Amino acid sequence: QVQLVEFGGGLVQPGGSLRLSCAASGRAFSIVAMGWYRQAPGKERELVATTSGGRKNYADSLKGRFTISRDNARNTVYLQMSSLKPEDTAVYYCNVQGNALGSGPFTSWGQGTQVTVSA
């Protein structure tokens, strides 16, 4: 079983920046894709950004402010968020898709980390 641990959420003022990280751990697995999603109160979970095979995909509304990156050696994905707005307030979830030896394809979610943008 692949487990994800997220770090980096918190309270930030509008216009500020935050960096989220998510580390995957487990036995005998390979990662196909890593990404971030978010869920604001009363709203559905939505895509923020994903990275797979060197390609990066962003929600159109977030391009230019958010940057996803990945450290393959550490099985870690990062989300650098800048020029944050109050509407970016949400719980941010890490998502990893891959293959585990002996059990096949998997999708894992992090526990979520709260990001609050407020003056």
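This report describes the overall build, the nonpolar core and several individual residues of a predicted protein model.

## Overall architecture

The protein contains zero helices and 11 strands, and the order of its elements from the N terminus on is accordingly β-β-β-β-β-β-β-β-β-β-β. Taken along the principal axes, the box filled by the C-alpha atoms is roughly 50 × 25 × 25 Å. A compact globule with 119 residues would have a radius of gyration near 14 Å, and because the protein has 14 Å, the value agrees with that expectation.

Of the contacts in the protein with a separation of 6 or more, 55% are accounted for by residues 24 or more positions apart. Among the 119 residues of the protein, 42% count as buried.

## Surface and charge

The protein exposes about 6500 Å², of which 47% is supplied by carbon and sulfur atoms. Its charged side chains comprise 12 positive and 7 negative ones, and the centres of these two sets lie 7 Å apart.

## The largest nonpolar core

In soluble globular proteins, nonpolar side chains tend to be buried together. In this model the largest nonpolar core has 31 residues, and the members that touch the most other members are Trp36, Val48, Phe66, Leu79, Met81 and Tyr92. At least two residues of this core are supplied by each of β3 (18-25), β4 (29-39), β5 (46-52), β7 (66-71), β8 (76-81), β9 (90-100) and β11 (113-117). The largest share, five residues, comes from β9.

Two of these members can be followed through their contacts. Once residues up to four places away in sequence are set aside, Leu79 touches Leu18, Arg19, Leu20, Trp36, Val48, Ala49, Phe66, Thr67, Ile68 and Tyr92; Trp36, Val48, Phe66 and Tyr92 are also named among the core members that touch the most others. Phe66, whose place is in strand β7, counts as buried because its relative accessibility is 2%, and buried means under 20%. With the same exclusion of residues up to four places away in sequence, Phe66 touches Arg38, Val48, Tyr58, Leu79, Gln80, Met81, Ser82, Leu84, Asp88 and Tyr92. A separation in the other sense is given by Phe66 and Gln13, which are 53 residues apart along the chain and whose C-alpha atoms are separated by 16 Å.

## A partly exposed strand residue

Val32 has its place in strand β4, and at 43% relative accessibility it counts as partly exposed. Leaving aside neighbours within four places in sequence, Val32 is in contact with Thr51, Ser52, Gly53, Arg70, Gln97, Gly98 and Asn99.

From C-alpha to C-alpha, Ala73 and Leu101 are 18 Å apart in space, while in sequence they are 28 residues apart.

Asn75 is found in the loop between β7 and β8 as well. It has a positive phi of about 50° although it is not a glycine, and with 26% relative accessibility Asn75 counts as partly exposed.

## The loop between β8 and β9

Ser83 lies in the loop between β8 and β9, where it has a positive phi of about 50° although it is not a glycine. Its relative accessible area of 41% makes Ser83 partly exposed.

Pro86 is likewise found in the loop between β8 and β9 and, with a relative accessible area of 45%, is partly exposed. Not counting residues up to four places away in sequence, Pro86 touches Pro14 and Val117, and Val117 falls within the range given for β11 (113-117). The C-alpha atoms of Pro86 and Gly64, which are 22 residues apart along the chain, are separated by 17 Å.

Methods: Residues numbered from 1 in each chain as written. Predicted model: local features only at pLDDT ≥ 70, side-chain atom pairs only at ≥ 80, totals over all residues. Heavy atoms only, no water. Core = buried A, V, L, I, M, F, W, Y, C linked by side-chain atoms within 4.5 Å. Buried < 20%, exposed > 50% of the residue type's maximum accessible area, 1.4 Å probe, protein only. Helix = DSSP H or I, 4+ residues; strand = E, 2+ residues; numbered from the N terminus. Contact = heavy atoms within 4.5 Å. Rg over C-alpha atoms; globule rule 2.2 N^0.38 Å. Areas by Shrake-Rupley, 256 points an atom, 1.4 Å probe, with all protein chains shown as cover. Lys, Arg positive; Asp, Glu negative; His and termini not counted. Charge placed at Lys NZ, Arg CZ, Asp CG, Glu CD.
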